[in-house]
Amino acid sequence: MKNQAIASSLSHVAALKELLEDLQNESVELHEHQYHYLVFGSWVIEAGQRKKRFRFIWDGRDSYLTVSTATFSDSHTHTEWNEMREQSGPATSLDAFRRVRTILKDAV
């Protein structure tokens with residue numbers, strides 16, 4: 001079980017690194033990231049620009065990607081996230097990363 005946990009975590013970190021490298025010239029910043037191996041490999045990525053951000057929540061159990069957006073007026077603003085759309089299509093976490101990449105590239 002330990003080896004699978006490490007392999008899964010390494011795969012996730014590699015996918016995140018690839019995503020960030022692909023987006024580094026697109027004015028996209030990573031604002032938050034969470035990974036939960038023990039919750040079926042679920043993860044949360046908050047990325048975008050300083051004032052307009054996207055939150056991607058991957059539910060590893062149900063293979064479900066939820067996409068939300070928010071606008072921040074400044075760094076002290078607490079804002080509400082508006083669900084843009086729910087993506088039930090991605091079959092794997094790596095498919096969900098590809099979808100995140102597409103959405104972020106289309107947004108900038």
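Student: Is Phe 40 buried or exposed?

Tutor: Phe 40 is exposed, because its relative accessible area is 56%, where buried means under 20%, exposed over 50% and partly exposed in between (1.4 Å probe, protein chains only). Before we go on, note that this is a predicted model, in which local features need pLDDT of at least 70 and side-chain atom pairs count only at pLDDT 80 or more, whereas totals for chains, interfaces and linings use all residues. Residues are numbered from 1 along each chain as its sequence is written, and side-chain values use heavy atoms, with hydrogens and water left out.

Student: Where is Phe 40 found, and what is its phi near?

Tutor: Most residues other than glycine have a negative phi. Phe 40, in the loop between strand 1 and strand 2, has a positive phi near 60° although it is a residue other than glycine. Ser 27, which lies in the loop between helix 1 and strand 1, also has a positive phi, of about 60°, without being a glycine. Helices (H or I, at least four residues) and strands (E, at least two) are DSSP runs, numbered from the N terminus.

Student: Which residues form a nonpolar patch on the surface?

Tutor: Leu 38, Val 39 and Phe 40 form that patch, and together they have about 360 Å² of accessible area, computed by the Shrake-Rupley method with a 1.4 Å probe, where only the protein chains shown count as cover for residues. A patch takes residues with over 30% relative accessible area and no salt bridge, joining like charges within 9 Å and nonpolar side chains (Val, Leu, Ile, Met, Phe, Trp, Tyr) within 5 Å. Val 39 belongs to the loop between strand 1 (29-36) and strand 2 (42-48), and it counts as partly exposed because its relative accessibility is 44%.

Student: How many salt bridges does the structure hold?

Tutor: Side chains of opposite charge can pair when their charged atoms come close. The structure holds seven salt bridges, each a side-chain nitrogen of Lys or Arg within 4 Å of a carboxyl oxygen of Asp or Glu. One of them joins Lys 17 and Glu 21 at 2.6 Å, N to O; these two residues lie four apart in helix 1 (residues 2-23), about one turn of the helix.

Student: With which residue does Arg 53 form a salt bridge?

Tutor: Its partner is Glu 46, with the closest N and O atoms 3.1 Å apart, and both residues are buried. Glu 46 also meets the side chain of Arg 55 in a salt bridge (3.6 Å, N to O), although Arg 55 is partly exposed, with a relative accessible area of 24%.

Student: Over which ring does the charged end of Arg 53 sit?

Tutor: It sits over the ring of Phe 72, 4.1 Å from the centre; the rule asks for NZ of Lys or CZ of Arg within 6 Å of the ring centre and within 35 degrees of the ring normal.

Student: How many aromatic pairs does a search of the whole structure find?

Tutor: The search finds four. Among them, Phe 72 and Trp 81 have ring centres 6.0 Å apart and planes at 70°, so this pair is edge-to-face. Rings of Phe, Tyr and Trp (its six-membered ring) pair if their centres lie within 6.5 Å, with planes under 30 degrees apart counted as stacked, over 60 as edge-to-face and the rest as tilted. Trp 43, Trp 58 and Phe 97 form one aromatic cluster, and Phe 97 is one of the buried residues of helix 2.
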